[in-house]
Amino acid sequence: MAERERRLTPPRGGVFVPRVQVLTAQDVQRALTRIAHEIVERNRGLDDVVLVGLQTGGVPLAFRIAAVLQEVEGVSVPVGLLDVAFYRDDIGIRPVLPEAATDIPGDLAGRLVVLVDDVLFTGRTVRAALNALADYGRARAVQLAVMVDRGHRELPIRPDYVGKNMPTRIDEQVDVSLDGVVLGDVVPR
Amino acid sequence: MSPGEVPKVPGRHLLSVADLGAEGIEEVLHVSDAFVEVGRRAIPKVPSLRGRTVVTLFAEQSTRTRLSFETAAKRLSADVMTFGVDTSSVAKGESLRDTVETVAAMGVDAFVVRHPAAGAPAAVARWVEAAVVNAGDGWHEHPTQALLDCYTIRQVLAERRGRRLEDEGVGCFEGLRVTVVGDVRHSRVARSLVLALGALGAVVTLVVPGSLLPPSLEGWPVAAVSHDLDTALGTSDVCYLLRLQTERGAGSFLPSVREYCAGFGLTARRAALLPDDALVMHPGPMNRGVEIADDVADLPRSVVLQQVANGVAVRMAVLFMLLGPSGGAGLGSAAALDGPAAPGADGG
């Protein structure tokens, strides 16, 4: 269950009311294609590159980027899945349970890891993900790719690859899927 | 209730597997999957319970349960204090209550309690603020053993069907034929296991010498009781052997251990009566040559060591759910995943 869904689940969550379609499915695909090219350009190829999708929003995006890389470079980049529930720091804020599988392909020592997530907001998920990755070995470098950077950072974290910079109000909600990006509000039931 | 406040759920302790219900059991198994993955890592440790203290209070001998709980707590980065009744002030005559309250005053988040008296963990739960996990009380219950047994069954069945474990719910227990053999009277493992399997929809048959049946089976979700192991084995998907609890006087309920072995021991001849894909399980410690023959215990269909390995992950799940970030999601609460819409929650 993504953060988005967790916030919307009864009895205490609200209902997501979409307001503006910011990106269409085609826009998302174009952004992912661009990010894939940027990854190749910035790292001068795909040696040692591993994509790690954050559960659950980042996973389909990571697989889509891998598919583009396969197409343009002819290289099959391994894709890992990571659930960061055990590394979260939101003590007293909400019950935290793992939602989905973690599956990291092999030892990350010496690899170049590209973390992929749907929305970059406070940065706390990314902080947790960095701690989690350290338990799989010392990566040569970690880079961050996100579909939407919505601002409101609470930690010194910045993305390396961004689909769309999107200033938001803190109480708004951003919904990202391969079908597009929608900005809306969470209203109480 | 203000947003950001965690709802108090009833499952603050794990005293009986019956408190969990089918949904609660499924949730524990699901969270255990994540901890099995943690166990496979280069560094099999997560920081979830940093700064929490777990005390293991064992008033009865134990190897696997105590070490399994301690390993689980350490892999969650909790601090662990160990406390044996024979090495503590209890030997000087201090009452259990005074001892527990003294230890609790040092700041303890969870007690893992094993005690020869049924109900002792429930009593401890009334005395202290901390979460209490029953690690076996008298003839009553041993809930984490039942949970890890269910986990092992589900793991093996998922593997056989070629399904990913995280996709496997608890549907595999529906109609599963489980034969529980042996000393049901003195077995807390049997009670917890039968309650858990019953809640999940399995069909449980007890094969027990008449003298080792509990005084009443009221409330036990059991399909049949038999004295004929040979017949029962032919229709078993799982054969679960209980330890003959001679230290609880099981020997005096039987003419002789040899006779018990002849009627109820899983010998090589009997193991051949099992369907090809049946599992053989035992909670340990095994009395080789009594309830299980030496060569049967080491057959590939025997998953005894897999049970032990899963024990750590399942106990990590239980401790994590009772104590995890946010004070624990609690056990047996379907609402555990329904976090409040906290402002400032990370968007992804």
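How many helices and strands does the secondary structure of chain A come to?

## Chain A

Four helices and eight strands make up the secondary structure of chain A; helices (H or I, at least four residues) and strands (E, at least two) are DSSP runs, numbered from the N terminus. This is a predicted model, where local features need pLDDT of at least 70 and side-chain atom pairs count only at pLDDT 80 or more, while totals for chains, interfaces and linings use all residues. Residues are numbered from 1 along each chain as its sequence is written, and chains are lettered from A and ligands numbered from 1 in the order in which they are written.

Starting at the N terminus, the elements of chain A follow the order α-β-α-β-α-β-β-α-β-β-β-β.

## Two domains in chain B

Now to chain B, which is divided into domain 1 (17-141 + 310-337) and domain 2 (143-306), with bounds that come from an automatic or database domain assignment. Their contact takes 25 residues from domain 1 of chain B and 24 residues from domain 2 of chain B; two residues are in contact if their C-beta atoms, placed from the backbone, lie within 7 Å. On the domain 1 side, α1(B) gives the largest share, eight residues.

## Where α1 meets α5

Helix α1 (residues 21-39) of chain B also packs with helix α5 (residues 143-160) of chain B. In this contact, B:I25, B:V28, B:L29 and B:S32 of α1(B) meet B:L147, B:C150, B:Y151 and B:R154 of α5(B). The residues divide into six nonpolar, one polar and one charged, where Ala, Val, Leu, Ile, Met, Phe, Trp, Tyr, Cys and Pro count as nonpolar, Asp, Glu, Lys and Arg as charged, and the others, Gly among them, as polar.

Terms used: Axes are lines fitted to C-alpha atoms, for helices over the stretch in contact, and angles run from 0 to 180 degrees between N-to-C directions.
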